[in-house]
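Biologist: I'm new to looking at protein models. Please walk me through one, feature by feature.

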Amino acid sequence: MTKPSLPDLLHAAVSAVGGTERPGQVAMAEAVAEAIDDNSHLLVQAGTGTGKSLGYLVPALAQGERVVVATATLALQRQLVERDLPRTVDALHPQLRRRPQFAMLKGRSNYLCLHRLHEGVPQDEEEGLFDPFEAAAPTSKLGQDLMRLRDWSDETETGDRDDLTPGVSDRAWAQVSVSSRECLGASKCAYGAECFAEAARERAKLADVVVTNHALLAIDAIEGAPVLPEHEVLIVDEAHELVSRVTGVATGELTPGQVNRAVRRSAKLVDEKVADQLQTAAEGFERVMELALPGRLEEIPEDLAYALMALRDAARAVITALGSTRDRSVQDEDAVRKQAMASVETVHGVAERITQGSEYDVVWYERHEPRGGAAYRHSGASLRVAPLTVSGLLREKLFTERSVVLASATLKLGGDFNGVGASLGLAPEGTTGDDLPVWKGIDVGSPFDYPRQGILYVAKHLSRPARDGDRGDMLDELTELMQAAGGRTLGLFSSMRAAQQAAEELRTRVPELPILLQGEDTLGELIKNFAADPKTCLFGTLSLWQGVDVPGPSCQLVVMDKIPFPRPDDPLMSARQKAVEEAGGNGFMAVAATHAALLMAQGAGRLVRATGDRGVVAVLDPRLATARYGSYLKASLPDFWYTTDRNQVRKSLAALDAASKAANA
């Protein structure tokens with residue numbers, strides 16, 4: 001039997017999802033198939049509207065080996081598992097003569113734990129266990145959430161938190177879930193045979209395609225204990241997010257609240273002398289943290305070094321004692337012990353990592369705004385440690401065993417893939433060497449006609465933004481642009497404070513245009529309300545730069561208040577910049593400009609989401625037009641028609657507003 005051709009398979013899949021075949025999608029599918037056949041690696045930039053999920057799913061399903069697809073957002077995971085994969089598998093079945101199986105796999109804490117649900121939570125302050133269902137008032141929000149969870153546990157097939165709608169608070173979910181460290185293990189647990197997390201892992205072992213998230217992919221790579229089943233092909237979608245997700249997983253944190261929790265959880269399970277040693281070490285650590293000033297610690301101060309060594313040694317003594325003592329008087333002792341062990345091991349691990357000191361780690365103090373909750377009851381400071389770079393880790397763990405395809409709408413920065421490639425541990429494209437992964441980058445373009453659909457306007461006449469400076473002229477400009485557009489504005493701000501100030505000011509200046517502000521409702525609700533009313537505007541920060549998909553006339557003006565460089569006092573970014581400079585590179589371009597280019601490309605991508613969309617991306621920062629790095633940033637954005645003429649832009653926005661109103665009249 002002849003092997004079905006890739007164009008035929010793609011055509012069948014696109015028809016099944018009711019889409020239109022795009023030249024970019026065909027080019028992408030062919031490049032993915034080639035990379036899988038050659039066992040090489042591919043970075044593919046596929047603009048919005050290309051249909052990139054089918055561009056990688058079809059060649060991946062056709063080649064017949066096991067595939068892991070890792071995405072950054074829940075929305076895309078759901079789209080793949082609930083829509084794209086079922087339809088594609090059905091469409092390809094007649095030609096492939098087989099029906100590939102697929103499954104979703106997430107970290108353990110995303111699944112309902114039946115042991116926690118039925119036996120209660122090991123409680124820090126009390127003997128034995130605490131039943132949150134009895135303790136929470138049935139009328140309280142927590143009580144209602146817990147009762148819903150108990151009912152849901154009888155009907156859910158997956159136990160996956162994201163299948164519960166509407167959702168519950170993090171606090172409620174924490175009462176019915178466990179981390180992998182707290183889990184008793186299927187063989188020791190009375191509910192092991194019915195465990196949702198174990199069932200998900202079993203389904204993944206049998207599946208041809210496993211859909212997961214970047215965080216679980218990072219855990220799989222870093223922790224050495226495989227969580228994902230063996231696979232021959234890895235596809236990383238939303239790949240521009242990967243480095244920050246892996247960095248997040250590889251970051252350790254210590255707070256006084258967390259250390260005190262470890263003390264409470266272990267105190268009743270070990271003898272008094274060992275418990276007192278940890279208590280004393282915790283008090284010493286808390287005293288040091290009370291005086292902590294935010295910022296990077298290039299050298300570990302003596303008082304902190306002593307406190308961490310005391311903490312490390314005391315935690316090690318507790319871990320040894322926990323492993324060798326039993327106490328039958330403690331109810332459900334295994335669960336209590338496991339939770340205590342998880343807490344103390346985390347404290348030991350981070351204290352030891354910072355004490356050992358690696359030139360590849362960055363250590364800093366961070367201060368938090370005081371807020372409720374046990375973690376912050378003692379002090380608003382935390383001690384953090386993160387890898388200076390994850391590029392070596394990714395090169396070694398991701399690119400050696402399998403073919404890897406990395407896809408995103410924004411991977412090509414400043415005109416090539418080498419910036420993003422370097423952050424992933426890849427040498428410049430075309431470099432050859434014994435241990436160097438072979439890769440290529442391909443930009444399959446976009447179905448949109450950017451020069452005709454969008455304008456990039458830079459407000460060159462404004463004053464340069466100064467840190468914490470007054471930006472009255474920027475607010476004047478924003479007011480006029482929003483009025484010309486008749487609302488329809490997505491405001492992307494470089495800090496939450498800037499977004500709040502702008503919202504406050506503009507609500508008084510243009511009361512006829514409703515302004516929604518991130519944080520005042522859930523992101524989903526805000527986006528829904530923004531899309532529903534063209535006059536409404538939405539202001540916010542980081543998650544809006546990449547999380548908003550509002551095609552049509554409700555979003556015709558995307559405003560960036562300033563170029564989103566990392567803050568100069570960001571300990572990790574400034575350490576990375578310094579390291580590049582010490583190695584003879586340009587730290588500003590490699591770190592700060594790359595960071596800004598990625599965010600700006602994502603932000604500008606919010607404007608044109610469909611072939612009929614028209615609008616303006618306005619950057620209210622003159623440096624994009626005047627600074628030397630401006631051309632690098634502009635080359636990372638869609639190829640919009642470019643202008644610095646403020647009158648032209650106002651006219652264009654007013655014309656779009658009039659046309660949209662006429663169309664809906």
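Modeller: Let's start with labels: helices (DSSP H or I runs of at least four residues) and strands (E runs of at least two) are numbered from the N terminus. This is a predicted model, where local features need pLDDT of at least 70 and side-chain atom pairs count only at pLDDT 80 or more, while totals for chains, interfaces and linings use all residues. Residues are numbered from 1 along each chain as its sequence is written, and side-chain values use heavy atoms, leaving out hydrogens and water.

Biologist: Which strands does helix α19 lie across?

Modeller: Helix α19 (residues 472-485) lies across β14 (454-458), β15 (489-492), β16, β17 (537-540), β18 and β19. It runs at about 170° to β18; angles go from 0 to 180 degrees between N-to-C directions, using axes fitted to C-alpha atoms, for helices over the stretch in contact. Helix α27 (residues 646-664) lies across β14, β18, β19 and β20, at about 145° to β14.

Biologist: In what order do the seven strands of the open sheet come?

Modeller: Strands of a sheet pair through backbone hydrogen bonds, either parallel or antiparallel. Here the order is β16-β17-β15-β18-β19-β14-β20, with parallel pairing (a pair needs at least two DSSP bridges). β16 (515-517) and β20 (641-643) are the edge strands with a single partner each, so one side of each has no neighbour in the sheet. On average, neighbouring strands are turned by 15° against each other, ignoring direction. Zoom in on β18 (residues 557-560) and β19 (residues 615-619): four bridges join them in the parallel sense, and methionine 560 has valine 619 of β19 as its bridge partner.

Biologist: How many residues of strand β1 are buried?

Modeller: Five of the five residues of β1 (residues 41-45) are buried, where buried means under 20% relative accessible area, against over 50% for exposed and in between for partly exposed (1.4 Å probe, protein chains only). In a regular strand the side chains alternate between the two faces of the sheet. In β1, His41, Leu43 and Gln45 cover one side and Leu42 and Val44 the other. β1 pairs in parallel with β13 (residues 439-443) over five bridges, where valine 44 partners isoleucine 442. Four bridges also join β1 to the parallel strand β12 (residues 403-408), and there glutamine 45 stands opposite serine 408.

Biologist: At what angle do helices α2 and α3 pack?

Modeller: Two packed helices are described by the angle between their axes and the distance between the axes. For α2 (residues 23-38) and α3 (residues 52-63), that's about 35° and 8 Å. The contact (heavy atoms within 4.5 Å) includes Met28, Val32 and Ile36 of α2 and Leu54, Tyr56 and Pro59 of α3.

Biologist: Which residues touch the most other members of the largest nonpolar core?

Modeller: A nonpolar core is a set of buried Ala, Val, Leu, Ile, Met, Phe, Trp, Tyr and Cys residues joined through side-chain atoms within 4.5 Å. The largest one has 91 residues, and Leu149 and Leu424 touch the most other members. Its largest share, eight residues, comes from helix α24 (residues 587-604). Another core, of 41 residues, lies apart from it, with Ala35, Val44, Leu92 and Met104 among its members. As for leucine 424, not counting residues up to four places away in sequence, its contacts include Leu43, Leu242, Val243 and Phe399.
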